[in-house]
Every structure is written in structure tokens, then in C-alpha cells.
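Welcome, and please take a moment to look over the chain displayed below. This report walks through its fold, its strand pairings and a handful of its residues.

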Amino acid sequence: MRKAKWFIVGIFLLVLFFFAITLLLPSKVTVTKSIIIDASFQKVNEQISNFSNWKNWFPAFSDEQTQMKLSTLENHPSATIQDKNGHEVVFTIVSSEAGKIDIDIDANKKQSITYQFMIVSNNNPGVQVIWNVNTDLGWYPWKRVQGIMMDKLTGPEYELALQNLRKACGDISVPANP
């Protein structure tokens with residue numbers, strides 16, 4: 001009986017230690033990806049700022065089993081996609097300035113996600129697209145631990161989307177190996 005008591009106390013202390021460590025982890029994580037596209041600023045901006053064009057490059061919009069509905073929320077363009085399981089995600093452009101587009105994503109989860117696209121003209125032909133994915137993970141310890149691996153978990157999907165954006169803009173150049 002005494003060993004069982006110490007075992008339970010040990011497990012409790014271990015969980016408490018894990019929780020305390022996760023409080024030191026950030027609750028907000030940003031994943032940044034970028035690409036240089038040999039296309040005009042206007043062409044790239046039109047692909048990003050118009051949700052009807054997202055089917056050309058963004059995987060969630062191009063999935064044949066996903067339904068998309070375009071609308072306006074509080075005078076901001078929005079798109080709602082619904083997958084085959086009935087999960088809805090609402091994308092809303094909250095700010096669109098020259099070269100900067102901010103998009104809120106509402107996926108009915110206990111975390112806030114925003115996309116920020118910056119389109120920067122280069123000295124060379126083409127533009128650089130910088131995509132910041134900002135995620136507020138909240139206070140949940142397991143989500144904060146997940147935040148450590150956010151780039152590894154979601155980064156390849158964003159890189160694929162940027163490669164698709166490059167093709168959708170008419171740039172067929174081969175990406176340089178890092």
C-alpha cells in the first residue's frame with residue numbers, strides 16, 4: 001500500500017512538473033514561409049486577395065470533396081469551406097493594403113489562426129511572397145508542446161501551397177535548392 005501511495009504522489013508531481021514547464025512555452029507561434037515568384041505584383045496579389053482564385057493553389061480549396069461558399073462578413077470578403085465530414089472553416093480578409101493581406105481563420109477550435117501575406121517587389125523581375133501563419137495556442141499544455149513542432153507539422157503544407165501559387169501565377173521556373 002505504501003508503494004502505491006508513493007507511486008501516485010510521483011505521478012502527480014510529474015504531471016505538475018510537466019504543467020509548470022509548459023507555462024514557460026510560448027502560447028503564440030508563427031510559422032513563416034516565403035517564395036520568389038517570377039510574375040507581376042498584380043497577378044500574385046489577385047491570386048491571394050480573391051478567394052475564388054484560391055482553388056488554383058490552396059490545397060483545402062482545391063479538394064474536390066470540399067464545398068466552398070463565397071460571402072461577405074462585416075463588409076469583408078470571406079469564404080467558407082466545408083469538408084466531407086461537415087467541418088467548416090471560415091476565411092475572412094480583414095485587411096488588404098498594397099502588398100499586405102491579413103486573413104482571419106475561424107475553424108471553431110480553441111485556438112486563433114491568422115494568415116498574413118506580404119508581397120514585396122524585388123530588384124529582379126518578380127515578387128517575393130512572405131506568408132506568416134500566426135497561431136494562438138491558448139493555455140492548454142498539450143497545445144503549447146505542439147507549438148514546438150508547429151513548423152515541422154504544418155510547414156510542408158504551406159511550402160506546397162506556395163509552390164502551387166507559383167504555378168498559378170504562371171511561373172514555371174524550377175526552385176533553387178537551398
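In what order do the elements of the chain run from the N terminus on? They follow the pattern α-β-α-α-β-β-β-β-β-β-α-α, which comes to five helices and seven strands. The radius of gyration is 21 Å, well over the 16 Å that the globule rule gives for 178 residues, so the chain is more spread out than a compact globule. Please keep in mind that this is a predicted model.

**The chain as a whole**

Along its principal axes, the C-alpha trace spans about 75 × 40 × 30 Å. Of the 178 residues, 34% count as buried. The chain exposes about 11,500 Å², and carbon and sulfur atoms supply 57% of that area. Among contacts with a separation of 6 or more, 49% come from residues 24 or more positions apart. As for charge, there are 17 positive and 16 negative side chains, and the centres of the two sets lie 14 Å apart.

**How the strands pair**

Leu 73 stands opposite His 76 in β3. The two strands form a hairpin with two residues between them.

Further along, β4 (residues 88-97) and β5 (residues 100-106) also pair in the antiparallel sense, over seven bridges. Here Ile 93 stands opposite Ile 103 in β5. The hairpin of β4 and β5 has two residues between the strands, and Gly 99 takes a positive phi near 90° there.

Strand β5 has a pairing with β6 (residues 112-121) as well: six bridges join them, and they run antiparallel. In this pairing, the bridge partner of Asp 102 is Gln 116 in β6.

Which backbone angle is positive at Glu 74, although it is not a glycine? The answer is phi, at about 50°. Asn 75 is found in the loop between β2 and β3 and has a positive phi of about 65°, although it is not a glycine either. Glu 74 counts as exposed because its relative accessibility of 74% is over the 50% cut-off. Asn 75 is exposed as well, with a relative accessible area of 75%.

**Residues at a glance**

Here are the accessibilities of several residues, gathered in one place.

| Residue | Relative accessible area | Class |
|---|---|---|
| Ser 78 | 2% | buried |
| Thr 80 | 13% | buried |
| Thr 66 | 16% | buried |
| Asn 50 | 26% | partly exposed |
| Glu 74 | 74% | exposed |
| Asn 75 | 75% | exposed |

Is Ser 78 buried or exposed? Ser 78, which lies in strand β3, is buried because its relative accessibility of 2% is under the 20% cut-off. Leaving aside neighbours within four places in sequence, its contacts include Lys 69, Leu 70, Ser 71, Thr 72 and Leu 73. Ser 78 is also in contact with Val 90, Phe 91 and Thr 92, as well as with Phe 51.

Thr 80 is found in strand β3 too, and it counts as buried at 13% relative accessibility. With neighbours within four places again left aside, Thr 80 is in contact with Gln 67, Met 68 and Lys 69, and also with Glu 88, Val 89 and Val 90. For a look across the chain, Thr 80 and Asp 171 are 91 residues apart in sequence, and their C-alpha atoms are 28 Å apart in space.

Thr 66 is buried, with a relative accessible area of 16%. Not counting residues up to four places away in sequence, Thr 66 touches Ala 60, Ile 81, Gln 82 and Asp 83.

Asn 50 lies in the loop between α2 (41-49) and α3. Asn 50 is partly exposed, at 26% relative accessible area. In sequence, Asn 50 and Ala 79 are 29 residues apart; in space, they are 9.6 Å apart, C-alpha to C-alpha.

Methods. Residues numbered from 1 in each chain as written. Predicted model: local features only at pLDDT ≥ 70, side-chain atom pairs only at ≥ 80, totals over all residues. Heavy atoms only, no water. Buried < 20%, exposed > 50% of the residue type's maximum accessible area, 1.4 Å probe, protein only. Contact = heavy atoms within 4.5 Å. Helix = DSSP H or I, 4+ residues; strand = E, 2+ residues; numbered from the N terminus. Rg over C-alpha atoms; globule rule 2.2 N^0.38 Å. Areas by Shrake-Rupley, 256 points an atom, 1.4 Å probe, with all protein chains shown as cover. Lys, Arg positive; Asp, Glu negative; His and termini not counted. Charge placed at Lys NZ, Arg CZ, Asp CG, Glu CD. Pairing = 2+ DSSP bridges.
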